[in-house]
Amino acid sequence: MLQIRDLHVHVRTDKEDLDILKGIDLSVESGKLVVITGPNGGGKTTLAKAIMGIVPASGGTILLNGEDITHKSVTERARLGISYGFQQPPRFKGIKVADLLNVASGKELSRDECCSYLTKVGLCANDYLDREVDASLSGGEVKRIEIATILARRSGLMIYDEPEAGIDLWSFSKLTETFKTIHETNDATLMIISHQERILQLADLIVLVSDGRIQRSGPGEEIFPEIMNQTEGQCPLVS
Amino acid sequence: MDAIEKNLLLQIADLHDVPAGAYNIRENGKGVARANTPNIEIVTKTDKPGIDIFIKPGTKNESVHIPVMITQTGLTDMVYNDFYVGEDSDVLIVAGCGIHNSGCEPSRHDGIHTFHVGKNARMKYVEKHYGEGSGEGERILNPDTIIELDEGAVCELDTSQIKGVSSTKRYTKVTCGKNSELVITEKLLTHDSQEAVSEMDIFLKGEGARARIISRSVAQDRSSQIFYPRVTGECACFGHVQCDAIIMGDAKVRAIPEITADDVNAQLIHEAAIGRIAGDQIMKMMTLGLTEQQAEEMILGGFLK
Ligand SMILES: Nc1ncnc2c1ncn2[C@@H]1O[C@H](COP(=O)(O)OP(=O)(O)O)[C@@H](O)[C@H]1O
Ligand SMILES: [Mg+2]
């Protein structure tokens, strides 16, 4: 169970002070699939990073299974069972796909195990295991490898940040299947930042974040049709 | 061998004991062990310190190990090693120098290695540098590597210096003949106030000669590094120089790749990049459960692998 209470993120740049998250309240029960959606710049990535600990909270609390993790480090949160797939994953010279999967899973994976994770994101394992995660990979490839590392971590709470970005239709449908399976087998709590219909359709809970606030949230079957209706006009739900 | 010597040998040559094949072990300025094979003969020079290594034409899949160890403080060792790699042979040569200095005086090894690589021969030359010891005394290594590649010769040169060498000045000169191929991979990590300079002159003299120079380095603490690889193309040839450095702490890195084309058909490229480890790289590793320090080690380890 993830409980977020009155979460604020405040950033001070050399030019200005910014309130990026302005009091987020959100509870996600274990095993649920929540989709965070909303316009660009609304604060979705910042919310995910604040849960992972990459961005410090300037106010409010985050509880994971009842434990206050608001001031814990990224490493501690990772070990407590949170993982986060970056919207824009970094690249590493000299580090192979297999190395990343091994670190992610916390043990030396067999080739078969590595392959199964890569297959879940639509990558042909034999072509990729020994490739370096450097600039030689395309954006979509790096993104899918990133998602595979999160799958390999098998955390209790998995956060994916726009997993659809840059991915071809075939891999995307493979990926939605994977999310569906994780959800159906109750393996993990899934938080997916997405704008994709097919992912929104999977949601138990849809949360619309815009201008640093939750504008709307509710059961998938209730919010999904609203979004579909309103995006046909100009601006969705948000005013 | 005692424990110190065994560890030096392991660090510089991945050897747990005396190697198979031909070898010459030099310790504190003197040859201490040697073995020849029917195809490889090692002969002590008479006019200056060092050895000549003769590899018969057609010698395949053999190796020569020539580790140098210095365990005496205040010793300066200067050595000339000349390799004659016969036509059509295929050999691995492993050199390396380990210094254990637990005294206050500088210990120093200057090696001048010259290679004549015959027609269509393949040579892989691996050189590792390593220093250790609790003393104040500096550990200095200044290697010169001079290589001549005959027509169709292939040479792979792997050098690495990962730990404990206070000061190093490296000079590498390669002359590449017709259709020869050269790949140099240089790996370097400096820490504390160590200094490293690596200069190279690569001459692509024969038609169809190809050379790739890849340098990867990490400069930590207050250490400083200078890279100065120069490639000259004198005919239809291909040359690529790539310098890539990670800078940390208060370190300094200068990379000055230079390419010179003396012929309209020479195709030469250089790239150089210096940068710190990006914050999101560390973060990514931490989200996988590593501590900040483990994350850094993993990133540097991959980079220098
Ligand atoms: N470190 C930062 N410094 C300044 N502005 C930031 C920083 N991080 C995010 N922002 C700003 O906060 C807003 C929300 O960003 P983000 O969480 O990435 O939005 P989303 O993921 O919903 O597109 C954006 O306007 C973005 O430019
Ligand atoms: Mg975002």
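Hi everyone, I'll walk you through the ligand site and then the sheets of this predicted model.

Residues count from 1 along each chain as its sequence is written, chains are lettered from A and ligands numbered from 1 in the order in which they are written. Since the model is predicted, local features need pLDDT of at least 70, side-chain atom pairs count only at pLDDT 80 or more, totals for chains, interfaces and linings use all residues, and side-chain values use heavy atoms, with hydrogens and water left out.

Let's begin with the ligand. Which residues surround ligand 1? They are A:Val11, A:Thr13, A:Leu18, A:Ile20, A:Pro39, A:Asn40, A:Gly41, A:Gly42, A:Gly43, A:Lys44, A:Thr45 and A:Thr46, where a residue counts as near if one of its heavy atoms lies within 4 Å. By class, this shell holds four nonpolar, seven polar and one charged residues.

Now the polar contacts, meaning pairs of N or O atoms within 3.5 Å. A:Gly41 places a backbone N or O atom 2.7 Å from an oxygen atom of ligand 1. For A:Gly42, a backbone N or O atom is 3.2 Å from an oxygen atom of the ligand. A:Thr45 uses its side chain instead: an N or O atom there is 2.8 Å from a ligand oxygen atom. On its own, ligand 1 exposes 570 Å², and the protein buries 59% of that; the areas come from the Shrake-Rupley method with a 1.4 Å probe.

Which elements give two or more residues to this shell? They are β2 (17–28) and α1 (44–52) of chain A, and α1(A) has the largest share, with three residues. These names refer to DSSP runs numbered from the N terminus, with helices being H or I of at least four residues and strands being E of at least two.

On to the sheets of chain A. Strands of a sheet pair through backbone hydrogen bonds, either parallel or antiparallel. Here, two strands pair if DSSP finds at least two bridges between them. An open sheet of six strands runs β6-β7-β8-β3-β9-β10 in chain A, with mixed pairing. Its edge strands, each pairing on one side only, are β6 (82–85) and β10. The twist averages 15° from one strand to the next, with axes being lines fitted to C-alpha atoms and angles between N-to-C directions running from 0 to 180 degrees.

Inside that sheet, β3 (33–37) and β8 (189–193) of chain A run parallel, joined by four bridges, and A:Val34 has A:Met191 as its bridge partner in β8(A). Helix α7 (169–184) of chain A lies across β3, β7 (157–161) and β8, at about 150° to β8(A); contact here means heavy atoms within 4.5 Å.

At the β10 end, β9 (205–210) and β10 (213–219) of chain A are antiparallel over six bridges, with A:Val209 opposite A:Ile214. The two form a hairpin with two residues between them, and A:Asp211 in the turn has a positive phi of about 50°.

There is another hairpin in chain A, made by β4(A) and β5(A), again with two residues between the strands; A:Asn65 in its turn has a positive phi of about 50°.

Finally, chain B. How many strands does its open sheet have? It has ten, in the order β2-β1-β5-β7-β9-β11-β13-β15-β17-β20, with mixed pairing. The edges are β2 (30–35) and β20 (266–275) of chain B. Within this sheet, β11 (154–163) and β13 (181–190) of chain B pair in the parallel sense over eight bridges, and B:Asp158 is partnered with B:Thr185 in β13(B). Helix α1 (3–13) of chain B lies across β1 (22–27), β5 (60–70), β7 (90–100) and β9 (122–132), running at about 135° to β7(B).

Terms used
A polar contact is a pair of N or O atoms within 3.5 Å; within protein, one must be able to donate a hydrogen and the other to accept it, and residues adjacent in sequence count only if both atoms are side-chain atoms. Ala, Val, Leu, Ile, Met, Phe, Trp, Tyr, Cys and Pro count as nonpolar, Asp, Glu, Lys and Arg as charged, and the others, Gly among them, as polar.
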